[in-house]
Amino acid sequence: MIGAVDRQKKWPGSIMNRREIRERIFKLLFRVEFYETGEMEEQKELFLEDTEDFPEDAEEKDKREITEKYDAIAAKLSEIDRMIDEKATGWSSRRMGKVDLTIIRLAVYEICFDETVPTGVAINEAVELAKSYGQDGSAAFVNGVLAKFAKAEEQG
């Protein structure tokens with residue numbers, strides 16, 4: 001299972017595994033729904049200082065990876081939302097639940113813009129986040145939307 005392998009791997013010099021890093025990116029990206037763009041820099045700082053989300057021995061490398069990936073996603077957010085709107089037949093990103101939308105945004109970024117994350121891993125990890133943070137049916141919904149991205153990826 002691809003997701004199981006990814007979950008266990010740690011970046012060299014990192015205390016957090018990839019799943020833990022992805023979960024932190026999700027939590028930071030979720031804040032976009034509640035704060036203006038100009039407030040997100042302060043929100044990033046507050047998030048990184050939160051001891052509930054980061055163990056005391058969390059490496060700066062982990063925090064840097066989280067903020068760099070968040071920044072990359074935030075820079076492409078309107079493009080990612082447009083892509084979601086094109087693929088999510090019968091749904092628009094504005095009508096989706098905030099948790100589901102955040103998970104889908106993260107996975108779409110990984111599928112379409114991050115060559116270091118295999119498509120299957122991005123989808124598996126998104127489904128796991130949906131199971132943990134979403135409502136009943138979130139995992140199936142997220143999987144269904146992302147399957148369309150995977151199919152488009154296969155067709156090249």
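How many nonpolar, polar and charged residues does the lining of the second largest pocket have? We'll get to that after a look at the fold. This is a predicted model, where local features need pLDDT of at least 70, side-chain atom pairs count only at pLDDT 80 or more, and totals for chains, interfaces and linings use all residues. Residues are numbered from 1 along each chain as its sequence is written, and side-chain values use heavy atoms, with hydrogens and water left out.

The protein has eight helices and zero strands, where helices are DSSP runs (H or I, at least four residues; strands are E, at least two) numbered from the N terminus. Of its 156 residues, 44% count as buried, meaning under 20% relative accessible area with a 1.4 Å probe and protein chains only; exposed is over 50%, and partly exposed lies in between. The accessible surface comes to about 8,600 Å², and 46% of that belongs to carbon and sulfur atoms (Shrake-Rupley method, 1.4 Å probe).

Now go inside. The largest nonpolar core has 44 residues; such a core is a set of buried Ala, Val, Leu, Ile, Met, Phe, Trp, Tyr and Cys residues joined through side-chain atoms within 4.5 Å. Helices giving it two or more residues include α2 (18-30), α4 (60-75) and α8 (138-155), while α6 supplies the largest share, eight residues. L146 is among the residues with the most contacts inside this core. Leaving out residues up to four places away in sequence, L146 touches I104, A107, V108, I111, I123 and A126, with contact meaning heavy atoms within 4.5 Å.

Neighbours within four places aside, T119 is in contact with I111, A150 and E153. T119 counts as partly exposed because its relative accessibility is 22%. T119 and A147 sit 28 residues apart in sequence, with their C-alpha atoms 9.6 Å apart.

On a 1 Å grid over the protein atoms alone, a pocket is an open set of points where a 1.4 Å probe fits, with protein on both sides within 12 Å along at least five of seven lines; lining residues have an atom within 4 Å of a point. Among the lining residues are Y35, E36, M40, K44, Y70 and D71, and α3 and α4 each give two or more. As for the opening question, the lining has six nonpolar, one polar and four charged residues.

Conventions. Nonpolar A, V, L, I, M, F, W, Y, C, P; charged D, E, K, R; others polar.
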